[in-house]
Amino acid sequence: MTATYPARSTRSTRSTRAAGLVSEVVTDEDSFARLAPAWGRLHERCTTATPFQSHAWLHSWWWSYGTYGRLRVIAVRSGGQLVAAAPLMLIRWPLPTLVPLGGAISDYADVLLDDADDGRAAGALTDALADAARTALIDFREVRPGGAVEQVYDRWRGPRHAVHDSLCLELPAVPMDELVARLPSNKAQQRVRAKLRKLDVLGVQRRTVRPEEVDAALGRLLELHRLQWRGRKVTSEHLQPRFRDHLVRAVGPMVRSGNAVVTEFRIDGEVVAVDLTLLSRSLTGGYLYGAHPGLRERKADVAVMLLEACAEHTGAGGPGTLSLLRGNEPYKHHWRPEPVVNQRLLLARRRTAPLLTAVLCDTAARQRSKEVLQRWRERGRD
């Protein structure tokens, strides 16, 4: 299973200079592709960056989900070195808006800023964003608290507003034994240890997939994912060919750069589960897995199995947070995670302030509808 990048014609880029920095708006796919080495180095120098800001993830996402002619990647250089970047695209409906690349399949969005920046790169990026947003709103959804784009938000001179976005659940980056010790009672801890022993009794063996084996392993992951959700409600996008192509293009390079790890679980030599975990300096998070339904029939706790594998990539010298990513599923709360709410940062020019107002009104109306629906469901249960 191999995904390639189709041929597309290119468009031009435009640049401006200020305070010794060069800001460029990249609008063609080839120029975005050539940014990969410099982007990777900046990603390593940005402590707040998540795996969803890696070049491999974003560039692959663009080829699967982007709209030709709408690419708007802002790059800021100092002495030829990339010191800030904002991966964006333009959408025109329902309102003209600049939104981050990565879309709904990415749990976090952000810009990249060099940790060594003295404020000039952040200022240049803010100015470049303001220039790019002359007739469009900027809508940064799913910003993790402390994200680099908050520095842009603080410097923004036009209308701006922040609202809550998705809930994420996070654990400390500690080994599995310490995660078990966090459980609220000895009985709960004993249950988890019994589940870990059950995995040993079943003979579950864990193996990290080598880079040259990633494509085949992802094929098995997606097939097992489809099988485990058969007959139940599933995220339909995970079953689409464009999602498969995106993973195949992105994950191999991410494994080679240390931004992802693919793990296979076998019993008697047969692959019974495959897990994709994403990594960065700031966090590690299990992104997607596939598990054969027979595991549950054999009383194997898949959630415990996956968390143990994920925790192996945290701890000393590892990422600072073990993120359970977006979602408030009940099983996640067994581990006593900390709730962390992503932010939605809206930025406008004075001439585009009505766009910001329209989005805020729509957001408030949707929230009100959710609250009314929730109360109606609660009354129905009563």
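**Figure 1. Q53 sits in the loop between α2 (36-44) and α3 (55-65).** The model is predicted: local features need pLDDT of at least 70, side-chain atom pairs count only at pLDDT 80 or more, and totals for chains, interfaces and linings use all residues. Residues are numbered from 1 along each chain as its sequence is written, and side-chain values use heavy atoms, with hydrogens and water left out. Helices (H or I, at least four residues) and strands (E, at least two) are DSSP runs, numbered from the N terminus. Q53 is buried, with a relative accessible area of 3%. Buried means under 20% relative accessible area, exposed over 50%, and partly exposed in between (1.4 Å probe, protein chains only).

**Figure 2. Q53 has polar partners and other neighbours.** Its side chain makes a polar contact with the side chain of T50 at 2.7 Å. The Q53 side chain also reaches the backbone oxygen of Y108 at 3.2 Å. A polar contact is a pair of N or O atoms within 3.5 Å; within protein, one must be able to donate a hydrogen and the other to accept it, and residues adjacent in sequence count only if both atoms are side-chain atoms. Leaving out residues up to four places away in sequence, Q53 touches W39, H43, L58, Y108, A109, D110 and L112. Contact here means heavy atoms within 4.5 Å.

Figure 3. A cavity is a set of points, on a 1 Å grid over the protein atoms alone, where a 1.4 Å probe fits but cannot get out; lining residues have an atom within 4 Å of a point. The volume of the largest cavity is about 40 Å³.

**Figure 4. The largest nonpolar core has 82 residues.** Such a core is a set of buried Ala, Val, Leu, Ile, Met, Phe, Trp, Tyr and Cys residues joined through side-chain atoms within 4.5 Å. W57, L125, L247, V262 and Y287 touch the most other members. Strand β4 (residues 81-91) gives the largest share, 8 residues. L247 touches W57, L218, L222, L276, Y287 and L288, not counting residues up to four places away in sequence. A second, separate core of 31 residues includes M176, F265, A273 and C310.

**Figure 5. Helix α11 (residues 302-311) is mostly covered.** Of its 10 residues, 8 are buried. Among them are V302, M305, L307 and C310. At the helix start, a side-chain oxygen of D301 comes to within 3.1 Å of the backbone nitrogen of A303.

Note on methods. 1 Å grid on protein atoms, 1.4 Å probe; cavity = no way out; pocket = protein on both sides within 12 Å on 5 of 7 lines; lining within 4 Å. Points joined across faces, edges and corners; volume = space filled by probe spheres on them.
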